[in-house]
Protein chains: 2
Amino acid sequence: MDRIQLQNSFEAYFNEWGYEIDWQRLTVPMDVHVIRKDDYLFQQGDMANRLYFLHSGLVRYVSVSDEGKEFTQTFAKSPRIIGSTKAMVTGDHVLFGIQALEDCMVSSYPWQVFYEQMRQDIGFLECYAKFLERIFITKEERENAFVKHSAERRYLDFCASYPELKNTIPQQQIASYIGITPVALSRIRQRLKLNHV
Amino acid sequence: MDRIQLQNSFEAYFNEWGYEIDWQRLTVPMDVHVIRKDDYLFQQGDMANRLYFLHSGLVRYVSVSDEGKEFTQTFAKSPRIIGSTKAMVTGDHVLFGIQALEDCMVSSYPWQVFYEQMRQDIGFLECYAKFLERIFITKEERENAFVKHSAERRYLDFCASYPELKNTIPQQQIASYIGITPVALSRIRQRLKLNHV
DNA sequence: TATAGGAATTAACCTAGGTTAATTCCTTCT
DNA sequence: AGAAGGAATTAACCTAGGTTAATTCCTATA
């Protein structure tokens, strides 16, 4: 994948929303990151005030508590924007790291400059709003699941939502996504097996 | 408060971001809702695909599980936009209700029509994006707190973030905001009292 | 094919917070 | 002032999930 291809795949992502965007405005150079499986794009606590775009591969957002416990906030599959909106727009340190679950190809732009150049383009703004709506809705739904559903129900929902991940990623990561330990997940799977099947 | 005043307070809210917005584009009539303390603007499961603006008063977003347990997702103080982004943009049923903690004055517009009229205005789009960034960041931070901090820590953080609510709303609601029962909150307060002070 | 190292399971035990219920404390209304 | 009804506290008990550790299972490499 050369730079032009990366640029095209990035632009194609926005075009999916069906708005005209004048990419000529964008003159800031893109950075390219190749991340090997298990490595991090950035670590919790880093500065990450860039717009990252995942061209290929799969990542998870992983947040670790003071006691060292890992929590997986999100799985993200290419092609899509990744990163921390908070860190990007506020310049704060990021509250989670992004780890590659497969080899990944990522490009990035410094957000401040990127936004300054693109904010005159109505198509871009509308896409950006659609993107924000989408990620917000995802969080609303996930908060809802955490608050209203048991760990068992969250596991079943995970299996339904991510059938392709269910068998390809380690169970520890599934456990940390639904907010329990691997031991607890194993117990739940055991219980499910005994009941039906 | 008459309609003109409501309209002005709504527009003033957007102007805080410092963008020029051409409100002349907006011709759809505003609805006005007066909600008495403890009553609901809408209930969980309702259709709520409108843009709601809280002109005066204080509300909470309350989500109830299948077992009937209440969870407070957010406290929102006027002036600000309230409602469910998910329900507004997708037309889905809303996952929580909005309850007035004081008498409230709310206005609303049907989102589809509102957005269709305003999406040509670059100032509006930029404000809308800023608004979405803000509510998303709030959720990122809250998710972080739930995942990484104990109930005790969440209580202390609540007291620091909402000093004015700490003594004006019932403790049950504080408990349901930090995700525990009133009994557990009482225990935590007891423990804190014994340790220091 | 053997083996080393991580992944998952299982079992025993522990703990934070949930549940129920009794008691006390406030308000508010008459 | 007295009564009624909700809010908070406290205590006794329960449970889902955490913790630790031993055991088994896999898969990758020699």
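By what turn and what shift along the axis can chain B be laid on chain A? A turn of 180 degrees and a shift of 0.0 Å do it, with an RMSD of 0.0 Å. The model is predicted: local features need pLDDT of at least 70, side-chain atom pairs count only at pLDDT 80 or more, and totals for chains, interfaces and linings use all residues. Residues are numbered from 1 along each chain as its sequence is written, chains are lettered from A and ligands numbered from 1 in the order in which they are written, and side-chain values use heavy atoms, without hydrogens and water.

**View 1. Chains A and B about their axis.** The turn of 180 degrees with a shift of 0.0 Å is the relation of a two-fold axis. The same surface serves both copies: 98% of the contact residues of chain B recur in chain A. Contact means heavy atoms within 4.5 Å. Superposition is by least squares on the C-alpha atoms of residues with pLDDT of at least 70 in both copies.

**View 2. The largest pocket.** Its volume is about 1400 Å³. The lining has 50 residues; A:F146, A:V147, A:R154, B:F146 and B:R154 are the closest to the centre. By class, 20 are charged, 18 polar and twelve nonpolar. (A pocket is an open set of points on a 1 Å grid over the protein atoms alone, where a 1.4 Å probe fits, with protein on both sides within 12 Å along at least five of seven lines; lining residues have an atom within 4 Å of a point. Volume is the space filled by probe spheres set on the points, which are joined across faces, edges and corners. Ala, Val, Leu, Ile, Met, Phe, Trp, Tyr, Cys and Pro count as nonpolar, Asp, Glu, Lys and Arg as charged, the others, Gly among them, as polar.)

**View 3. The second largest pocket.** This one holds about 810 Å³. Of its 37 lining residues, A:T74, A:R80, A:T138, A:Y162 and A:Y177 are the closest to the centre. The classes are 20 nonpolar, nine charged and eight polar. Helix α4(A) gives the most, ten residues. Chain B takes part too: its α4 (122-148) supplies at least two residues. (Helices, H or I of at least four residues, and strands, E of at least two, are DSSP runs numbered from the N terminus.)

**View 4. The sheet β1-β8-β3-β6 of chain B.** Four strands form this open sheet, with antiparallel pairing. Strands pair if DSSP finds at least two bridges between them. β1 (31-35) and β6 (80-82) of chain B are the edges. Neighbouring strands are turned by 35 degrees against each other on average, direction ignored. Six bridges join β3 (residues 50-56) to β8 (residues 104-110) of chain B; B:L51 has B:Y109 as its bridge partner. (Axes are lines fitted to C-alpha atoms, for helices over the stretch in contact; angles run from 0 to 180 degrees between N-to-C directions.)

**View 5. Backbone in the loops.** Most residues other than glycine have a negative phi, and most peptide bonds are trans. The bond from A:S78 to A:P79 is cis, with omega near -5 degrees. A:P79 sits in the loop between β5 and β6 of chain A. In chain B, the bond from B:S78 to B:P79 is cis, with omega near -10 degrees. A:D38, not a glycine, has a positive phi of about 80 degrees. Its place is the loop between β1 (31-35) and β2 (40-42) of chain A.
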